[in-house]
Amino acid sequence: MSHSDHHIERNSLAAKVEKEVEVKAQKCYQCGKCSAGCPVAEDMDFPPSMVLRMLQTELPANDEKILKSHSIWLCVTCEMCLTRCPMEIDIPSMMDYLRQKSRSEGKANPKAKNIIAFHKSFLSSIKHTGRLFELGLIIDYKRQSLNLFQDAGLAPKMISRGKLHFMPEKLKDMAHIAKIFKNTSK
Amino acid sequence: MSDFEPKVVAFVCNWCTYAGADLTGTSRIKYATNVKIIRFPCTGRIDFMLLLKSFANGADGIIISGCHPNDCHYTSGNFHAKRRWIMFKELMDFMGIDMKRITYSWVSAAEGARWAEVVNTTVARVRELGPYVSYQKMVNTHIEEEVTNE
Amino acid sequence: MKIGIYPGCSLEGSARDYNESVFALAKAFDIEPVQIPDWNCCGATAAHNLNKELSLALPARILALAEKHGVDEILVPCAACYSRLVVTKHELQKHPELKNRICEVIEMDYKGTSKIINVIEWIDKYIIPKLEEKVKKPFNYKVACYYGCLLVRPNKVLNYDRVEDPQTMDVVMSKIGATAIDFAFKTECCGAGLSISRTDIVSKLSGKIIEDAEHRGADAIIVACPMCHSNLDMRRPDINKYWNKEFNIPVIFVTQAIGLAVGLTPAQVGLKRHFVEVKIS
Amino acid sequence: MARIGVFICHCGENISATVDCGKVCEAASKLKHVAYATEYKYMCSDPGQSLVKNAIIEHKLTGVVVSACSPRMHEPTFRKATAEGGLNPFLCEMANLREHCSWVHEKGEATTEKAIDIVRTLVEKVKRNAALQPIRVPVTKAALVIGGGIAGIQAALDIANCGHKVIMVERSPSIGGHMSQLSETFPTLDCSQCILTPRMVEVLQHPNITLYSYAEVEQLDGFIGNFVAKIRKKAKSLDEKACTGCGLCITKCPQKKIPNEFEEGMGFRPAIYVPFPQAVPNRPVIDKANCTYYIKGKCKVCEIVCPTKAIRFDQEDEVIDVEVGAVVVATGFDIKRADFFPEYGYGKLKDVIDGLQFERLASASGPTNGEILRPSDGQKPKNIVFIACAGSRDPAKGIAYCSKICCMYTAKHAMLYKHKVHEGNAHVFYMDIRSAGKNYDEFVRRAIEEDHVNYIRGRVSTVYERDGKLIVKGVDTLLGAQPVEIVADMVVLATAGVANPGAEELAQRLHVSYDSHKFFAEAHPKLKPVETNTAGIFLAGACQNPKDIPDSVSQASGAAVKVAALFSQSELTREPLVAAVNRFGPPLYSTCVGCFMCQPVCPYQAIEREEIKSRDGKVIKSLAKINEGLCQGCGTCVALCRSKSIDLYGYTNEQVYTEVVALLNDY
Amino acid sequence: MSNIAAKAKELLESKAVQVVIGYEAGPTGVVRPAFITDAAKADSLIYNENCVQNLAMYLTKHEVKHIGKMGIVATLPVMRSIMMLISEQQVVPENIVVLGIAEDGKLLDIADMNVMHSHIEKSNLGNPTKDQEKLAELNKLSIEERFKFWEQEMSKCIKCYACRQSCPMCYCIRCSTDCNQPQWIPVQSNTQGNMDWHILRAMHLAGRCISCGECGRACPVNIPCHLLTMQLSDQAYNYFKVHAGTSVDMKSVMSTFEPNDKESFII
């Protein structure tokens with residue numbers, strides 16, 4: 001009889017976001033301040049406030065659009081949106097979740113190929129050396145993204161300025177890092 | 001136990017639930033005769049001891065009802081009552097006194113049908129639970145016989 | 001009080017200049033920060049984009065190591081690492097269950113007792129009190145202090161400086177004789193981790209920052225983040241190409257500027273490693 | 001020995017159709033102490049009521065139970081009949097056999113049994129009823145109006161015109177409030193001063209109104225009908241009777257660079273000043289904090305030039321006591337200033353201004369004589385941006401509510417701008433347009449359709465300066481959240497309406513409640529919007545929440561009627577169903593132990609502290625005391641009191657306990 | 001001489017207080033409360049792990065109060081009782097000097113109520129471990145089993161009201177049990193009336209009990225009646241995040257409210 005008894009089991013993306021990262025899409029009243037301040041909004045297919053609006057509809061078609069969007073990968077977690085959001089909606093955390101969800105469901109936008117390739121190369125660099133090995137990262141990224149000639153002029157300049165090592169610096173306890181990667185791989 | 005007619009006492013506030021129950025009447029909505037209403041100015045006035053006295057005097061169930069939060073005629077009596085009942089409920093639970101025998105509800109002056117529903121569900125539930133003998137019989141047990149039992 | 005330093009991967013590589021200036025400055029002020037033994041990468045943007053647990057576990061290992069070695073205060077010069085470490089500490093504090101889970105993952109004890117400070121806080125606490133007597137060559141330039149994102153945001157977690165129009169770096173710069181100009185892009189994003197994967201976006205965003213600083217007549221942009229530095233400095237050819245302009249304004253780490261003011265040589269503070277020539281010294 | 005009469009009503013057939021009234025009557029007559037029981041077809045009819053009256057006399061009844069409909073329906077009827085029968089009206093109770101029995105149950109044994117249970121319960125209760133006397137409180141027929149804005153003015157004039165004395169206290173040197181600062185008013189665009197100043201003058205000249213400007217209420221004691229207010233009349237450094245208001249002192253004062261509050265900081269005033277030319281009273285005050293003489297001990301130019309020798313440097317604050325029967329609180333509101341918005345320029349950008357500043361710019365009597373010129377360089381802005389909801393509906397900034405007036409005044413501002421700068425462009429960033437009100441939405445539509453104001457739905461993220469222009473970064477959410485950048489010359493923030501500074505302290509001094517935003521709280525959000533929880537104190541205008549002029553005026557008139565109703569009798573009569581703390585002779589005095597935990601429970605601040613003192617003035621005992629002028633009889637304190645030292649007349653512990661026992665047991 | 005005795009002596013000698021309430025060893029070696037008015041007798045004051053009685057109850061007793069300003073040896077529960085008594089206006093802070101005892105038995109320097117407040121804030125404010133265990137045990141039982149348990153316990157009650165007498169928070173000059181119009185609590189002892197009494201007592205201590213356990217210790221027939229009030233202490237914290245007796249101006253649980261107080265049982 002009580003109002004709280006009327007909870008229907010929600011299975012929308014919005015419900016998952018609410019459960020996993022405690023971000024309530026329904027709090028958004030679409031003022032757009034996040035999109036107004038977002039540095040990459042103009043490059044996005046759906047600016048942040050639109051992503052929230054789409055979540056609010058709880059329609060499978062919109063959920064699908066979000067997970068397949070370019071936007072979630074363009075977000076650079078600069079946190080400007082959260083800082084200025086009048087409703088204090090943690091959009092960056094939400095974006096983190098959406099990215100992970102998008103990838104685990106194999107829905108990552110093809111345009112984000114490079115971005116994802118970079119992240120993957122980055123993590124694999126840490127996985128193998130414990131610290132970021134920048135030269136290795138660049139080589140691996142080129143291999144993954146097939147952008148073989150990108151930044152060709154950068155590396156020599158970096159080397160001449162002593163900014164690029166040829167050998168990775170490895171941690172003593174690499175076994176520990178390996179364990180952490182193993183324990184967090186779902 | 002099929003002929004068991006539970007006795008249920010309802011403690012209600014004058015401004016919301018009492019008026020709501022009046023509306024049940026004016027709307028001619030029927031409910032069980034088992035419930036009898038005692039009028040209070042406000043749920044804030046209802047002493048928890050009255051609940052115990054009701055059980056002691058043979059009540060099998062109790063309804064407490066007042067204005068919805070923010071609707072109190074006295075602005076905050078029901079909020080104070082709510083705190084009181086939260087503590088009371090926890091104590092009753094801890095002592096093993098079955099809270100299924102007590103219905104707490106907010107029924108407004110406009111909710112005539114809801115009052116009938118509250119009454120009927122409470123009566124049905126208490127009927128299911130049977131007479132509250134475990135409380136009532138305690139009046140006959142006392143120190144001498146317990147001591148000799150030990 | 002034991003002060004440790006977590007340099008982070010950039011400072012070992014592309015931001016060697018920053019690393020050199022931090023250690024040179026520390027030495028000039030008789031401070032010897034101890035590196036946290038066997039530290040690992042914090043995971044940076046990649047980790048929290050792809051794997052939340054990993055993004056907490058990697059910084060947690062660093063913090064746990066610091067605790068294990070009795071470090072009370074960790075200096076984190078890299079703003080990105082600083083943000084990851086502080087956010088991790090905050091998250092684990094807020095969610096005890098998560099903390100237990102992460103402790104299982106890293107198979108280490110973690111209590112959250114070490115204090116994490118960024119480079120400006122470190123300067124405020126250890127350099128400023130003795131700065132006045134040591135300034136030999138006042139840094140008489142107009143500077144645009146660029147804070148970027150991660151030094152001030154998320155401000156509810158970091159709880160450092162005011163989130164709009166921050167002032168701490170401006171104040172530090174004024175102590176060595178610089179004039180900090182009012183600057184509209186203090187906390188706008190440079191494009192951060194998209195440097196390699198979306199150089200176009202980085203060129204656009206970083207270009208806006210450089211353009212505004214130059215336009216307002218700044219002689220240099222002062223930064224405290226290796227990522228900002230690499231985007232504004234190393235990416236300058238891309239930026240100039242994107243904007244079809246010739247921006248020449250140098251980008252200097254706050255520690256380099258102070259180093260120069262207290263008489264360190266440009267080489268000592270790593271200025272030679274910059275892509276954009278620093279004509280001031 | 002109790003002698004109770006039971007009167008069972010058939011209510012036509014409404015009761016008797018399902019309840020066997022005869023059987024109820026028979027059962028009632030057998031109850032202990034029932035001296036008389038009867039039934040009748042229509043107990044509320046004249047003959048029915050006579051039946052009750054006659055029975056009281058004939059059977060020497062000591063209590064009456066009318067078993068009929070709901071007491072909410074006819075309790076007053078039968079209590080009156082009881083009184084006419086010579087018995088105290090509070091010795092009459094009603095048993096609800098209709099709404100709670102005959103109408104909700106089918107005909108049958110159980111229904112009749114329930115009716116008997118109900119009657120028995122009320123019989124037992126009425127035996128324990130006390131003969132209560134209505135509470136009579138004398139009423140001082142004078143009202144205190146705090147605040148001299150449009151709401152206070154309206155309330156004061158309405159009360160005064162009813163023939164009652166009014167004391168108006170205004171904190172600043174002149175009445176008029178925010179309305180006097182406004183240029184034109186929506187939705188008619190008539191000049192604010194033109195409609196306001198006649199009323200200000202009326203206040204000054206009204207024989208029933210005493211105006212204390214430059215004064216504040218320091219303390220309020222007492223209760224409804226009987227308040228005593230302590231008013232501090234701040235020293236104006238002026239003999240008001242001698243001053244003719246010639247203004248020579250104002251022109252000669254050497255200290256001229258004090259930011260003018262009335263002009264919202266966009267102009268200057270001297271240390272001796274009247275806030276604005278139409279001020280009421282039109283007499284200057286010396287602002288001691290900024291006066292050279294008060295700061296340095298030298299100057300006295302005003303004293304020297306004053307032709308009537310009216311300056312009084314040695315004047316001191318005066319504190320007076322006034323007795324009033326009612327209080328109208330009309331202290332108004334304030335707005336958040338531009339410095340509340342770091343992302344819009346921290347108040348460091350001179351051309352980012354707030355709505356009140358724009359009002360002054362647009363006002364013919366303002367610092368620019370009504371020309372829209374931007375503060376930084378006095379240029380006419382060609383591009384102007386209005387940002388609505390600046391601070392309102394922004395929980396992150398601590399203000400979740402809608403300030404209600406901004407949508408309308410923003411439309412007005414944009415319109416005024418377009419009327420004054422024909423070639424200019426006006427942009428409005430808004431979230432929703434809330435224009436509910438007579439001719440309001442039409443007004444907004446006019447701004448959009450006829451004056452071509454560019455309305456953009458979206459919030460602004462940031463405003464920064466570049467080359468003397470303001471870059472406004474917003475968004476158009478109706479175009480897929482597309483970023484919008486406007487290069488503007490001036491930005492006007494429709495900042496949130498907030499409670500006045502000092503509202504909280506005033507509320508505490510008046511003992512009225514306030515909400516989490518420090519706005520004064522009404523007694524009931526729907527049905528008592530003008531009353532406070534403290535009887536005799538009423539609210540008018542924006543001190544309750546942001547309101548526009550028509551709403552403020554309506555509420556002020558509402559408050560005035562409440563005051564006039566209160567003053568319509570020389571004595572206040574109240575139902576005596578109030579709580580009381582027990583009292584005994586010494587040495588116990590009362591079982592109250594003085595824990596005062598009941599105090600915060602009372603919604604009406606009716607629980608006071610009473611100290612019993614010995615002859616030498618030593619406090620022997622502190623105990624709670626209920627002010628029966630304030631108590632409304634909810635009884636929450638009664639249920640809370642651990643030592644059962646408080647009881648509620650009409651619902652005493654003994655009565656309710658007995659009801660429980662009687663309801664559940666056959667006697 | 002112990003620190004406590006020295007401090008008491010100093011207070012009495014300087015006339016800062018007229019009486020020190022503390023513990024002493026009785027003739028049989030059993031610890032008992034002591035009321036020292038003579039500095040010379042301060043030596044007899046002791047403190048050890050057997051000193052568990054909550055002495056705060058004496059602060060409201062006329063016989064002690066009338067002597068003058070009171071010093072009191074105060075372990076954590078006593079300090080919390082004092083906070084409660086001040087917040088309920090039964091004790092005037094100026095009239096007492098607190099000889100605080102830390103968890104390790106050392107004398108604390110409690111200069112004023114602010115110091116005491118910060119000491120209490122730092123302490124563990126939950127119920128004592130052994131009582132927590134018992135509470136958890138009872139909470140695990142089925143509702144019928146709990147009723148059986150308490151019915152059995154209540155049947156032992158002889159209505160001696162030692163629980164009330166020993167409780168520092170039961171300072172009323174007239175208890176509701178002494179009310180006879182109406183007679184809320186029956187005079188004679190029967191299980192139902194006994195239960196009524198214990199429910200009434202627990203409710204009156206809701207949000208006020210400071211978990212000293214004195215009532216349970218005082219019971220001559222060993223009814224664990226302290227568990228009732230302790231359960232409500234837990235719940236008061238659980239629902240309203242209030243620990244009783246932490247400051248002199250605490251918001252009392254039962255006489256305040258928040259509009260969004262959560263419950264799940266009101267329909």
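Modeller: The account below starts with a sheet in chain D and then turns to the domains, the other chains and some details of the backbone. The model is predicted, and every value given here is computed from it.

The part in question is an open sheet of four strands in chain D, paired in the parallel sense, with the order E2-E1-E3-E4. At the edges stand strand E2 (34-40) and strand E4 (92-96) of chain D; each has a single partner strand, so one side of each is left without a neighbour in the sheet. From one strand to the next, the twist averages 15°. Within the sheet, strand E1 (residues 4-9) of chain D pairs with strand E3 (residues 63-68) of chain D in the parallel sense, and five bridges join them.

Helix H1 (residues 21-29) of chain D touches E1, E2 and E3 of chain D, and its direction makes about 170° with that of E2(D). Helix H3 (residues 71-84) of chain D lies across E3 and E4 of chain D and runs at about 150° to E4(D). The loop between H1 and E2 of chain D contains D:His33. Although D:His33 is not a glycine, it has a positive phi of about 75°.

The wider setting begins with the rest of the chain. Chain D is divided into domain 1 (4-127), domain 2 (142-234 + 317-332 + 500-567), domain 3 (248-305), domain 4 (335-498) and domain 5 (579-648). Between domain 2 and domain 3 of chain D, the C-alpha centres lie 27 Å apart. In their contact, 16 residues of domain 2 of chain D meet nine residues of domain 3 of chain D. Helix H7 (residues 192-205) of chain D gives the most to the domain 2 side of this contact, with six residues. That side divides into eight nonpolar, eight polar and no charged residues.

Two further backbone details belong to chain D. The peptide bond from D:Val280 to D:Pro281 is cis, with omega near 0°, and D:Pro281 is found in the loop between strand E15 (272-273) and strand E16 (285-286) of chain D. The peptide bond from D:Pro586 to D:Pro587 is also cis, with omega near 5°. D:Pro587 belongs to the loop between strand E31 (579-581) and strand E32 (607-613) of chain D.

The next topic is the contacts between chains. Seven pairs of chains touch, and the most contacts are between chains A and C. Chain A and chain B do not touch, and their nearest C-alpha atoms are 9 Å apart. Chain B and chain C do not touch either; there the nearest C-alpha atoms are 27 Å apart.

Chain B does, however, meet chain E: 35 residues of chain E are in contact with 34 residues of chain B. On the chain E side, helix H6 (143-155), helix H8 (191-204) and helix H10 (226-240) each supply at least two residues. The largest share of that side, eight residues, comes from H8(E). By class, the chain E side has 21 nonpolar, seven polar and seven charged residues.

Each of these two partners can be described in turn. Chain B has six helices and four strands, which follow the pattern β-α-β-α-β-α-β-α-α-α along the sequence. Along the principal axes, the C-alpha atoms of chain B fill a box of roughly 55 × 35 × 20 Å. Chain E is divided into domain 1 (3-122) and domain 2 (129-240), and the C-alpha centres of these domains lie 26 Å apart. Eleven residues of domain 1 of chain E are in contact with ten residues of domain 2 of chain E. The domain 1 side of that contact comprises five nonpolar, five polar and one charged residues.

The axes of helix H1 (residues 13-21) and helix H7 (residues 91-104) of chain A come within 10 Å and cross at roughly 110°. That makes H1(A) roughly perpendicular to H7(A). The contact is made by A:Val17, A:Glu20 and A:Val21 of H1(A) together with A:Ser93, A:Met94 and A:Tyr97 of H7(A). By class, this contact has four nonpolar, one polar and one charged residues.

Conventions. Residues numbered from 1 in each chain as written. Chains lettered and ligands numbered in written order. Predicted model: local features only at pLDDT ≥ 70, side-chain atom pairs only at ≥ 80, totals over all residues. Pairing = 2+ DSSP bridges. Axes fitted to C-alpha atoms, helices over the stretch in contact; angles between N-to-C directions. Contact = placed C-beta atoms within 7 Å. Domains from an automatic or database assignment. Nonpolar A, V, L, I, M, F, W, Y, C, P; charged D, E, K, R; others polar. Parallel < 35°, antiparallel > 145°, perpendicular 65-115°, else oblique.
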